[in-house]
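This report covers selected features of one structure, taken element by element. The sequence and the model are shown below.

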Amino acid sequence: MGKCCKCNSRLLCMCLLPCMMTGHLLVYIMVSIFVTISYSPPKIIIHYIAPGISANSSAIARHPLGPFWNLRLEDSALWNQLQHAWDRQHNPILRGNTTGVVRKPNAKILSEIEDECLSDCISHCSVPRMLGIDSFPEQLRAFIRSMHCREYPLLINQPGVCRRNSSSFNLDSPMLIMAIKSQVGNFENRQAIRETWGHSGLVKGESNKKRGLVRTVFLLGRQDSSTGPHPDLKNLLELENQKYGDILQWDFRDTFFNLTLKDLLFWHWFQQYCPTAIFVFKGDDDVFVRTGALLDYLHKQWEEHILWRAYTNETDMNLFVGDVINNAMPNREPSTKYFIPGNFFKGVYPPYAGGGGVVYSGSLALRLKKVSERVRLFPIDDVYLGMCLHRMGLSPSHHPGFLTFDLPKTEKSNPCAYKSVLLVHRRSPNEMLTLWKRLQDLSGHC
């Protein structure tokens, strides 16, 4: 009898075991489904900010609908047509395209812009008669008339700035060259920069105290007479240059839409006079930079690159950092200086770093110069850098220490708020001097 009970119990267990396993499996599946349904992923904040729209603006651009570098031609957008013509010219695959997907650009407009008169470029750098651009705002019309011109005479040069005193420091070349976009009349800004964050010479890092040779140059065009009468500051500029030897000036009108030329012409100058500089800082003359902290960051990047190079034999360094803006659309508000009409450019901007200040490697500067020869000039300089990077298959890296939209108002006067800042925009000359003095011994107070 006992034996029979034992057999029945075993039989019952064997029958119930699959049911129990199935039950557990069902419970597990139901719990998994419930967790999946109830889980809400963390929100990722994406900026759709075009130039000229503040970070707090409610006028956020809509989500872009397509990629930036689109091989299909936008018939009604002039820049897209011009770029498309170059894409076909430099790409044998596109030249041989017979599918009919890629259409021919407007030959009439292109022929007028492509018929470049070399003597015109050397003198006034403009094409006198342009058909089809009367609908554009005046500053954009002026840009279009001269956008094919890429070479301008140097009025003031500094051919030896990167070699000056380098040997006395036992260094072959600068660790960092600072290229600051300025205008002729901004004497106070330049002087404040020289006395604070843009001082040329051996500069000590903040944390590891490693020194780096820094050279600063200011990028200028000539005074823009079209905006009204201005006092002639040429003699003052010459005296300034005689004293400091850090002015680079080219013979083109220094307008907002010509800021792109300063990047282009600086790359040419860099290739000729300072090609061995390890890093380049490009910024405006109203930003504030914690140069020692920036050098700490760059020393670390350079050491990592040397280790990487030892394993991979990769000599080029693709560093490009700043306050990166993704998925931005052109500003279509006619009242802003950043206005880009739809019949000039269509599409979404590639990722780009805010123009207040960026840092990139010297080797990348040389490659940017080369790739820019195949990218049509664009009237907004920071977007143009993004276009050149995108053409190379690269993207800028975001660094939270680049605050091109400034600190909160409540934190601006607190020195400890700058502890993790590398760059902040914008500061007047007086604010630069005051802030520089207050930040000299930041570590001891924060």
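A residue is called buried when its relative accessible area is under 20%, and exposed when that area is over 50%. The model described here is predicted.

Strand 6 spans residues 279-284, and six of its six residues are buried, so the strand is largely enclosed by the rest of the structure. Phe279, Phe281 and Gly283 point one way from the strand, while Val280, Lys282 and Asp284 point the other way. Both groups are buried, and they include the charged residues Lys282 and Asp284. In a regular strand the side chains alternate between the two faces of the sheet.

Strand 6 pairs with two strands named here. With strand 2 (residues 176-181) the pairing is parallel and is made through six bridges; within it, Leu176 has Phe279 as its bridge partner. With strand 11 (residues 357-361) strand 6 runs antiparallel, joined by five bridges. In that pairing Gly283 stands opposite Gly357.

Three strands make up an open sheet in the order 7-14-13, and its pairing is mixed. Strand 7 (287-289) and strand 13 (402-403) are the edge strands, each pairing on one side only.

Strand 14 (residues 423-425) pairs with strand 7 in the antiparallel sense over three bridges. Leu423 of strand 14 is the bridge partner of Val289.

## Backbone features in loops

A cis peptide bond joins His425 and Arg426, with omega at about 5°. Arg426 belongs to the loop between strand 14 and helix 13 (429-438).

Two residues other than glycine have a positive phi: Asn313, where phi is near 60°, and Asp406, where phi is about 75°. Asn313 sits in the loop that runs between helix 10 (291-312) and strand 8 (320-322). Is Asn313 buried or exposed? With a relative accessible area of 65%, Asn313 is exposed, because the cut-off for that class is over 50%. Asp406 is located in the loop between strand 13 and strand 14.

## A nonpolar surface patch

Leu25, Tyr28 and Ile29 form a nonpolar patch on the surface. Together the three residues have about 330 Å² of accessible area. Of these residues, Leu25 lies in helix 1, which covers residues 2-38.

Key. Residues are numbered from 1 along each chain as its sequence is written. This is a predicted model: local features need pLDDT of at least 70, side-chain atom pairs count only at pLDDT 80 or more; totals for chains, interfaces and linings use all residues. Side-chain values use heavy atoms; hydrogens and water are left out. Patches are made of residues with over 30% relative accessible area and no salt bridge: like charges are joined within 9 Å, nonpolar side chains (Val, Leu, Ile, Met, Phe, Trp, Tyr) within 5 Å. Accessible areas come from the Shrake-Rupley method with a 1.4 Å probe; for residues, only the protein chains shown count as cover. A salt bridge is a side-chain nitrogen of Lys or Arg within 4 Å of a carboxyl oxygen of Asp or Glu. Helices (H or I, at least four residues) and strands (E, at least two) are DSSP runs, numbered from the N terminus. Two strands pair if DSSP finds at least two bridges between them. Buried means under 20% relative accessible area, exposed over 50%, partly exposed in between (1.4 Å probe, protein chains only).
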